[in-house]
Amino acid sequence: MANLVLGVGTSHGPMLVTPPEEWHRRAQADRGNTSLNFQGRNYDFEGLVAARGTSEFEGRISLEQHLARHARVLAAVEKLGAAIDAAELDALVIVSSDHKEIFDDQVLAPFTVYWGEEIDHMPVNEASLAKMGPGLALSARAYAANEPTKLAGSPELAKAIIDHSINADFDVASSLMLPAGKHGNHAIPHGWGYVLEQVLGGRYLPVVPIFVNTFWSPTPPTARRCYAWGKAIGDAIRSWDGTARIGIVASGGLSHMVIDEAFDQRVLTALREDDAEALGAIPSTWLESGSSEIRNWIVTAGAMSGSGLEMDLVDYVPLYRSEAGTGNAAGFALWG
């Protein structure tokens, strides 16, 4: 039987890979956003300021604060990478969410498992960079390969996850070849690229990409369904033939575009205590926009349940960028 020996949770996002001196560019984009979701309601920027008040955040958006918090992010990411190295894994399952970079409105399944032999990991092209919103091009290169790269998949492990899921009554989608996507290159999207380039630092190992449709209506799975499917993934790995050492990573979250520290702390407590009921009870209306990626952590928590490994919070760093409390709450955790 294979061993599920390590779980990892990591946020990703433009602020994590952009110099703090440039974070104001994303704040500029926030000011034109009319769908800033906070606790199940959408606001425009002025409405969000009115709803939250500015006094709490104005002291947290100085460059001095930005530099200190970004340094904590880099230290946490380095610790996650070291843990993966130390675990001497044979393969890594990465759970993340596609922003219609690959899968588009032709088909948007709640859960998809890629089971190909190889995975294209590509540089970002200049034409795509030119179309990106304020501040995004600065970060896009951090997710991409320096040169066209063929990563090794782990098709037997991926097939085992698919088979076990179907037998456990989860009607997962499978992909043997990623679509061309909006960049036309069939490449793995940024949620996986962040793990490959920033957490692993280019020290690639065989990967099973798992796609959770966290964003796009009408098929995002409920939090309860995410946890249950995660348990099926964990069972599939542990029952897979062989003695391989397997890790699983959640990539994305925590709360963003609007940071909600109280909500994040409730989620982190439930993850730490493996509280399936609390995680499953999170309403879908709170899992909107960037915060929807918390679903990836819930899937991973389900997979780690029963492993005997408890979650240890490496750090939680709210990265504010505006007086409305917009930004990216960065969480980093290990089960191991």
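Author: Helix α10 (residues 261-272) packs against helix α12 (residues 294-304) at an angle of about 15°, and their axes are 11 Å apart. Axes here are lines fitted to C-alpha atoms, for helices over the stretch in contact, with angles from 0 to 180 degrees between N-to-C directions. Helices (H or I, at least four residues) and strands (E, at least two) are DSSP runs, numbered from the N terminus.

Reader: What is the source of the coordinates, and what are the ground rules?

Author: This is a predicted model, where local features need pLDDT of at least 70, side-chain atom pairs count only at pLDDT 80 or more, and totals for chains, interfaces and linings use all residues. Residues are numbered from 1 along each chain as its sequence is written, and side-chain values use heavy atoms, with hydrogens and water left out.

Reader: Fine. How are α10 and α12 oriented to each other?

Author: α10 and α12 are therefore roughly parallel. Angles under 35 degrees count as roughly parallel, over 145 as roughly antiparallel, 65 to 115 as roughly perpendicular and the rest as oblique.

Reader: Which residues in α10 and α12 meet?

Author: From α10, F263, D264, V267, L268 and L271 meet I294, W297 and A301 of α12; contact means heavy atoms within 4.5 Å. By class, that contact of α10 with α12 has seven nonpolar, no polar and one charged residues. Ala, Val, Leu, Ile, Met, Phe, Trp, Tyr, Cys and Pro count as nonpolar, Asp, Glu, Lys and Arg as charged, and the others, Gly among them, as polar.

Reader: And α7 with α9, at what angle do they cross?

Author: The axes of helix α7 (residues 155-167) and α9 cross at roughly 125° and come within 9 Å. α7 and α9 are therefore oblique to each other. By class, their contact has eight nonpolar, three polar and one charged residues.

Reader: Switching to voids. How many cavities of 30 Å³ or more are there?

Author: The structure holds two of them. A cavity is a set of points, on a 1 Å grid over the protein atoms alone, where a 1.4 Å probe fits but cannot get out; a pocket is an open set with protein on both sides within 12 Å along at least five of seven lines, and lining residues have an atom within 4 Å of a point. Grid points are joined across faces, edges and corners, and a volume is the space filled by probe spheres set on the points.

Reader: What lines the second largest cavity?

Author: Its lining is N37, F38, Q39, S255, V258, D260, F263, W286 and S291. The volume of the second largest cavity is about 60 Å³. F263 is also one of the α10 residues that meet α12. The largest cavity has about 90 Å³, with D98, K100 and F103 among its lining residues.

Reader: What about the largest pocket, how much space lies in it?

Author: About 1100 Å³. Of its 42 lining residues, H99, E101, L136, K182 and H190 are the closest to the centre. α6 supplies the largest share of the lining, four residues.

Reader: Which classes are in that pocket lining?

Author: The lining of the largest pocket has 18 nonpolar, 18 polar and six charged residues.

Reader: Last one, where are the cis peptide bonds you have?

Author: One joins S217 and P218, with omega about 10°, and P218 sits in the loop between β9 (207-212) and α9 (223-239). Another runs from H256 to M257, with omega near 10°, and M257 is in strand β11.
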